[in-house]
Amino acid sequence: MHFTPLKHYKRAIIVAVLLPVVVAAILCLHLYQLKLERAYQSRVDAMLVVDNLIEAQLDRAKNVFDSIESTVSKPLSYAFKDSHFEAVSQFENYYYQSLNNDLGEVVGTGAFNAAPMSRQYWFSLYTLGPVFTNALSLSPNLEAIAYVNEHGMAFVKRRDKSSSELLTRLINHELRPDFSQELIAGSHVVNINKHSYFALGKLRLSDESGYLLLIYDLSQLSHWLQQRSVVEGELRLYNQYNEQLASSWPLNEPPLVWPSTEANSGSWFGGIFLSRTKARPINVAYFEPESMFKSVIRYEQLLEFGFLSLFLLLTALGLFWLSLRLFIKPVEQFVSYLVSQDASATNPNYRIPRAWLPWFRRIKRVVAQKQTLLTRISESNVELDQMLRMQTRALERSLEAKDRQTSLLNTMLDSVPDLIYFKNIDSSFLGCNRAFESFIGFSRNELVGRTHDEVTDKYLELLDLEKDFLIHNDVKELKLTFAEKVFEVRLSPFYHEQKILGSMTVLRDITEIDTMMNALKQSESKFRAAIEFAANAVLLIAIDGTIIELNKAAKRFFSNENPELGKPLSQLFMEKDYPRIADMFSELLQEHKKVLHVTVEQSAPYSHLQLSGSLVWDAAHQPQYFVLNVQNITALTNARLAAERATLAKSRFIANISHEIRTPLNAIIGLSELIRARTQDAQTSDSASKIDHAAKQLLGMLNSILDFAKVESQKGRLIEEPFLLMDLVDTCKTLTEVQCQRKELQFDYVVDREINPTLKGDPSKLKQVLLNLLSNAVKFTESGKVALKLKLVEQSQERQRIEFSVEDTGIGIKAEEQEKLFDAFTQGDDSSARQYDGIGLGLAIVKHEVMLMGGN
C-alpha cells in the first residue's frame, strides 16, 4: 500500500529535478544564442580577412603594373639586330613571332610591314619579356601577362602555349577592361576551351593606345579561394560587371541556392549573406544557409545540455535513494500497518531501521487492543448489514416497478395522437404528452409548475371548462374549435384515496370527421332533394322485391296503383311485364352488371315507361337494394311511331311516283334514239341527243330516289359471301379509269399487304359505295389524280377491320359544309347556279350502306 503524502513527496522530488533541468535548458538556449552571434561574427571576420586578401592581391597587381611601367620607360642599354625583324612570321591575316629563350610572343593583325611603329618602339617591347617572366614566376595564380595596343598588336607571356585561342581573343580586345572609371580595371569573363579567364588591366600613361593585362585562370583563382576559406559557407568573387569569378564551394558538392543581395542582410535568419562591394575590379560575397550555420552549434549545444542534464539527474537519483532508504520506506511500512492494523500488510522482507523499532512496538500494542473491539463491532455490523440489504432490495424493487410503470405510461401517452395534459388542483401543469407540447408550443419541462395564463393567452375556453370542473367536480365533455381545427374535449378528475388531486384533459382532433359528417349530411340532403324532385320516378327496392323508398314522380307515375312503402313492386306493373323486371333483378344479382334497361307498357296517361335498374353493394360486396329509375317515354314513343308511319307513306309514294315516271321516260329515251338514227339534220340530231341526255339524267335521279326509299324503309339486306378483294378493286379501277381518261386524270390504288386476299361480306354494296365515292371524286376534280387506298386497321383471328380511303386533288369541301355532307338531298353548293348537277342522295346512301356493313 502506498502512502498518499509520500506520493506527493516523490512528485516534489521529480519537480525539484525538473526545475534545474529547465533552468539548464534556458541557460543552454542562451548560450546557443551567444554562440550563434559569435559564429556570425567569425563569418564577418573571415569575410573581412578574404576582403583584405583581395585588396592585397589588387595592390600586388598594381605593383606589378608599376614595375612593368618603370622598366619599360627606361631607355635601352643595348641594341637589337635587324635579324629580329626577319624572324617575324607573316600569315594571311596576322603576323606572329616567338622570342628566343621563352621570353614571350608577339602577335598582331594585318601585315607586319604595314604596322605603324618605329623600330625603337618595337625593340622597347622586347624588354617586356624578362619583366613578364619574373612577374609570372612570382604570381602562381597568373595564367598570362600581356601588353596590347590599339593597332592590334600584343606582346604576351603565358604558361600554356598549346592553344592560340587566347592570342586571338587578346588582339580582338575581348579581354580589354573598361578604363572609363579607373586606370586599373577588370575585364569580362572569357571562356576558352573549357577554361574561364579574367584579366586585370591598366592603361599605360606614356602610351594611351596600349594597356597591360594580368590574365587569371578562374579555376586556379577558385583553388586559391578554397585554400583561404576558413568557414563552412561559400565565398564568391565577382568582377565589376557582377560576373562570378571564383567560388570556394567544392565542385563535387550540390551548389548552394543564393538569395538576393537584400535578403536577411545583417542576420543569420534564412541564411548568412555578406558582401563587400567597392569601386574596384574584384569584390567578394559570402553565403551560408541557416541549417548549415546552426547544425554544428546545435550539435555542440545538445551535447552540453545532455551532459548537464545527466549530472543533475544522477545527483537527484542519489538524493532520492538516500531519502527512500532513511525516511520514505519506513514511513510507508509504518502507515501501512496503521491503516491495515495487520502485520501481514507490511513487507516481510523489509528490515526496519533501529531508530523506528520503538514506534512500531507501541503501535502494535494499541492495534491489538482495538482489534478486539473492532471484532465485536464487525459482528454487529454484519447483522445490521443483512437487515439493511433486505430493506434496500425491497425498496429497489419498488422503485424499479414504479419507474417501469412511469416509463410505460409516458411512452403510451407520447404514442397517443390525442392532446393530453394533467393539472394540479391549483390549475398548474403536472405534465403532458408530446402531442400537447407541439400544440401549445412549449416543452414539458417549461409547462410543469406554471398555470395556463402564465404560459399563453390562447385557448382560454379550456380555462372556462376547468373553472366549471372545479365547481362541480364531474366529467366535462364538449366540442371546441382552435385555429380552424375542431377538438372533442373531455376533462375528468383523478383521485387518490377518494380525494381529488387534479384533472386530466384529453383533446381529440375530429376536424376531418366533423368535416366529413357535415359533408355527408349536406350530400345526403342534396341527394334526397335531387331524388325527391327528380323528373323521373326513382324507387329503392329491397332484395325481396318490396318498396323501401320512392319519390314524388313515382307516386305520380303510379297514382292509379296507389304505391306505398313496404308494398310489393309487382303490384305496380302488369302481369305480362313484371317477369321481365324480375329477370332484370336476377341478372343484376348474378352477373354484377351495373345498369340494365327494360321497356314496359302502362295504363294512360303514362302508356310507355323505360325502367333502368342497378344494384347497390356494401363494403363486404353484399347486395343491399335495387335502384329503379323510371322514365316516361310515352311522347317519344308516339312521335317515333308517327315518324315511322310518315316515312313508310313517303317511301310508298316515292316508289309509286317513280314507277309511274319511269315508263314515259323510257319512251322519251327510245324516241330520242330513233330520231337520232333516222334524221340527217345536224340540228335535229343535236336536239335529240340533248333530250336523250336529260332523260337519262332524270332516270338516274329516279333510280337514286328508289334506292333511298329502300334505305329508309329498311328493306336493304346484306348478302354475305366470299369474294376476292382484288377482283373488287379491279372492277372499281376499270370503271373509274374510263371516267378519268375523259378528264385526263391519273388513277392510283394502294392495297395493304396485310389484308387477306379472300374476304367474306357483301361485295355488291361495297362496290356501290366505292363507285359512288370514286365518281364524286372524278366529278369534282379537274386536274391531278384520284386514288383508292386500303389499309388494315385492326385484326383478330376471324375478322379484319379495313379502312377504305378515296383521295383526290379536286376543289375540296368547306368546313361548314362537311357537317351536312351525308344528309339526304344536300350538296356542298345548294345555289341555283351551281356548276355540278345531282340531287344529293349519293352520300346519304353511302352512309346507310356503310353503317349496314358495320362501318362508319
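**Exercise 1.** Determine whether Tyr 94 is buried, exposed or partly exposed.

Solution. Residues are numbered from 1 along each chain as its sequence is written, and side-chain values use heavy atoms, with hydrogens and water left out. The model is predicted, so local features need pLDDT of at least 70 and side-chain atom pairs count only at pLDDT 80 or more, while totals for chains, interfaces and linings use all residues.
- Step 1: take the classes, in which buried means under 20% relative accessible area, exposed over 50%, and partly exposed in between (1.4 Å probe, protein chains only).
- Step 2: the relative accessible area of Tyr 94 is 36%, so Tyr 94 is partly exposed.
- Step 3: Phe 91 has 41% relative accessibility and is therefore partly exposed.

**Exercise 2.** Classify the ring pair of Phe 91 and Tyr 94, then the pair of Phe 429 and Phe 436.

Solution.
- Step 1: rings of Phe, Tyr and Trp (its six-membered ring) pair if their centres lie within 6.5 Å; planes under 30 degrees apart count as stacked, over 60 as edge-to-face and the rest as tilted. The structure holds 14 aromatic pairs.
- Step 2: for Phe 91 and Tyr 94 the ring centres are 4.8 Å apart and the planes meet at 25°, so this pair is stacked.
- Step 3: for Phe 429 and Phe 436 the centres are 6.1 Å apart with 40° between the planes, and the pair is tilted. Both Phe 429 and Phe 436 are buried.

**Exercise 3.** Describe the surroundings of Phe 429 by naming its aromatic cluster and the charged end that sits over its ring.

Solution.
- Step 1: one aromatic cluster is made up of Tyr 421, Phe 429, Phe 436, Phe 439, Tyr 459, Phe 482 and Phe 487.
- Step 2: a charge sits over a ring if NZ of Lys or CZ of Arg is within 6 Å of the ring centre and within 35 degrees of the ring normal. The charged end of Lys 423 sits over the ring of Phe 429, at 4.7 Å from the ring centre.

**Exercise 4.** Find the salt bridges of Arg 169 with Glu 165 and with Glu 174.

Solution.
- Step 1: a salt bridge is a side-chain nitrogen of Lys or Arg within 4 Å of a carboxyl oxygen of Asp or Glu. The whole structure has 17 salt bridges.
- Step 2: Arg 169 bridges to Glu 165 at 3.0 Å, N to O. Both residues belong to helix 5 (residues 165-171), 4 residues apart, about one turn of the helix. Helices (H or I, at least four residues) and strands (E, at least two) are DSSP runs, numbered from the N terminus.
- Step 3: Arg 169 also bridges to Glu 174, at 3.2 Å, N to O.
- Step 4: Arg 169 is buried at 18% relative accessible area, whereas Glu 165 is partly exposed at 30% and Glu 174 is partly exposed at 36%.

**Exercise 5.** Explain which parts of the chain the salt bridge of Arg 508 and Asp 418 ties together.

Solution.
- Step 1: the side chains of Arg 508 and Asp 418 meet at 2.8 Å, N to O.
- Step 2: Arg 508 lies in strand 18 (residues 499-509) and Asp 418 in the loop between helix 8 (357-415) and strand 14 (419-424), so the pair ties together parts that are 90 residues apart in sequence.
- Step 3: Arg 508 is partly exposed, at 43%, and Asp 418 is buried, at 10%.
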